[in-house]
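Keep the sequence and the coordinates open beside the text.

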Amino acid sequence: MVNSTDFAKRLQKILDYYGLSATAFSDQIDFNRSTISHLLSGRNKPSLEFIIKVLHEFPEVEWYWLIHGKGSFPAVTKSMEEISPSPPLENSKIKKELSFPLSQNSETKKRSTNIEIERIVIFFKDGSFQLYE
């Protein structure tokens with residue numbers, strides 16, 4: 001459950017970080033000014049619609065931090081060098097499934113030489129994720 005007082009502090013931190021007034025913030029996320037005022041005072045709890053709009057407009061805001069106050073703001077992005085490699089697979093069944101060779105016809109072989117990575121998504125245990133494109 002969201003603590004209204006703590007949420008108001010996190011919302012104020014977002015406004016301060018971006019240098020926005022409550023009015024400018026409400027205009028940017030297209031939300032009613034009185035709702036922003038009630039959230040900042042701790043009177044109301046945020047709606048799902050409000051949370052989604054904030055996350056959509058401000059990519060440095062992490063969902064888990066905004067809701068629960070855990071994590072960091074602005075979001076910490078990790079470079080590929082900072083991410084430790086995953087531990088080796090312990091389950092031999094998984095190893096076999098992953099190392100099972102795929103049969104390739106000539107069309108697949110031709111296509112595989114031109115494969116490019118579009119994006120990599122890393123999911124963290126706290127519910128956050130990092131997207132590399």
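**Helix packing and beyond**

Helix 2 packs against helix 4 (residues 48-57) at an angle of about 90°, with the axes 9 Å apart. That makes helix 2 roughly perpendicular to helix 4. Angles of 65 to 115 degrees count as roughly perpendicular, under 35 as roughly parallel, over 145 as roughly antiparallel, and the rest as oblique. The axes are lines fitted to C-alpha atoms, for helices over the stretch in contact, and the angles run from 0 to 180 degrees between N-to-C directions. Helices (H or I, at least four residues) and strands (E, at least two) are DSSP runs, numbered from the N terminus.

This is a predicted model: local features need pLDDT of at least 70, side-chain atom pairs count only at pLDDT 80 or more, and totals for chains, interfaces and linings use all residues. Residues are numbered from 1 along each chain as its sequence is written, and side-chain values use heavy atoms, with hydrogens and water left out.

Which residues meet between helix 2 and helix 4? Helix 2 supplies Phe25, Gln28 and Ile29. Helix 4 supplies Phe50, Lys53, Val54 and Glu57. Contact means heavy atoms within 4.5 Å. By class, this contact of helix 2 with helix 4 has four nonpolar, one polar and two charged residues. Ala, Val, Leu, Ile, Met, Phe, Trp, Tyr, Cys and Pro count as nonpolar, Asp, Glu, Lys and Arg as charged, and the others, Gly among them, as polar.

Helix 2 (residues 22-29) also meets helix 3 (residues 33-41). Their axes come within 9 Å and cross at roughly 120°. That makes helix 2 oblique to helix 3. The crossing of the two is right-handed, the near helix being turned clockwise from the far one by less than a right angle. On helix 2, the contact uses Ala22, Thr23, Phe25, Ser26, Asp27 and Ile29. On helix 3, Arg33, Ile36 and Leu40 take part. The contact of helix 2 with helix 3 has five nonpolar, two polar and two charged residues.

Between helix 2 and helix 3 runs a loop that holds Asp30. Asp30 has a positive phi of about 55°, although it is not a glycine. Most residues other than glycine have a negative phi. Asp30 counts as exposed because its relative accessibility is 60%. Exposed means over 50% relative accessible area, buried under 20%, and partly exposed in between (1.4 Å probe, protein chains only).

Now turn to helix 1. Ser4 is found there. Ser4 is buried, with a relative accessible area of 12%. Beyond residues up to four places away in sequence, Ser4 touches Leu39, Gly42, Asn44 and Lys45. Lys13 also sits in helix 1 (residues 4-18). Lys13 counts as partly exposed, at 42% relative accessibility. Lys13 and Phe73 are 60 residues apart along the chain, yet their C-alpha atoms are separated by 8.7 Å.

What of the strands? Strand 1 (residues 120-123) and strand 2 (residues 129-132) run antiparallel, joined by four bridges. Strands pair if DSSP finds at least two bridges between them. Phe123 has Phe129 in strand 2 as its bridge partner. The two strands form a hairpin with five residues between them. In the turn, Gly127 has a positive phi of about 95°.

Step back to the whole chain. The protein has seven helices and two strands, in the order α-α-α-α-α-α-α-β-β from the N terminus. Of its 133 residues, 21% are buried.
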